[in-house]
Amino acid sequence: MFPNHQGKYDALGILYGHPLPCSIVMDDARSHMPLVSQFIDLVKGKRIKLHDIRQAARIIHEVSVETAQGRKFIIFPAGGYRHRNGNYVDPFKPGTFKSAMKAKAPIVPVALVDSWKVYDLNSLRPVKTQVYFLKPIYYNDYKDMKSVEICDQVYHRICRAVRLGERNMPEQAVRS
């Protein structure tokens, strides 16, 4: 699953909304904070060192192998988020799609709307977040594409779904 990234709540929202167990790939530097470390261990997440090319390649390989065996991962293709970015979708990095491509697995775009509000509003009022699991892109549909092309397609589909979600058009957002 490849979602846009808005804040600290994103992975929890996706895990809560997905019917099957899944794991996450996370920046090693941010994965050792209290509660985050226990969460990553609980879901058997992968910690990736973004500045260690050899370790990152090993993690991508591990994710590919486990994905081919049926395990589901959440990978944020933006590689991070800016605080208070609202529903803006940061640009994606094409390399994040390599693990799915190697595993010949479906790529599931996930659009998050308003999840940034959970920790950034400084309010105790309830917040409604939206998680849209978009139509998967199957291996036969992307096998002749480069990672840059896949990245662009996923990015544009998520941007469209976020815009529709902001306008309270969930049925159209899911069809994006």
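**Entry 1: the largest pocket**

A pocket, as I use the word here, is an open set of grid points with protein on both sides within 12 Å along at least five of seven lines, and its lining residues have an atom within 4 Å of a point. I am working on a predicted model. I looked up the largest pocket and found 32 lining residues, with His5, Val25, Met26, Asp27 and Phe76 nearest its centre. Two or more lining residues come from each of α1 (10-17), β2 (23-27), α2 (36-42) and α3. I noted a volume of about 910 Å³ for this pocket. Sorting its lining by class gave me 21 nonpolar, seven polar and four charged residues.

**Entry 2: the second largest pocket**

Next I turned to the second largest pocket, which holds about 320 Å³. Its lining has 17 residues, and I find Met1, Lys72, Phe73, Pro106 and Val108 nearest the centre. At least two lining residues each are supplied by α3 and α4 (98-103). I counted the classes here too: 11 nonpolar, four polar and two charged.

**Entry 3: the nonpolar cores**

Then I checked the packing. The largest nonpolar core has 30 residues, and Val89, Phe92, Phe97, Ile107, Val154 and Ile158 touch the most other members. I see two or more core residues from each of α3 (53-68), β5 (109-113) and α7 (147-166). The biggest contributor is α7, with nine residues.

Definitions and conventions: Residues are numbered from 1 along each chain as its sequence is written. This is a predicted model: local features need pLDDT of at least 70, side-chain atom pairs count only at pLDDT 80 or more; totals for chains, interfaces and linings use all residues. Side-chain values use heavy atoms; hydrogens and water are left out. A nonpolar core is a set of buried Ala, Val, Leu, Ile, Met, Phe, Trp, Tyr and Cys residues joined through side-chain atoms within 4.5 Å. Buried means under 20% relative accessible area, exposed over 50%, partly exposed in between (1.4 Å probe, protein chains only). Helices (H or I, at least four residues) and strands (E, at least two) are DSSP runs, numbered from the N terminus. On a 1 Å grid over the protein atoms alone, a cavity is a set of points where a 1.4 Å probe fits but cannot get out, and a pocket is an open set with protein on both sides within 12 Å along at least five of seven lines; lining residues have an atom within 4 Å of a point. Grid points are joined across faces, edges and corners, and a volume is the space filled by probe spheres set on the points. Ala, Val, Leu, Ile, Met, Phe, Trp, Tyr, Cys and Pro count as nonpolar, Asp, Glu, Lys and Arg as charged, and the others, Gly among them, as polar.
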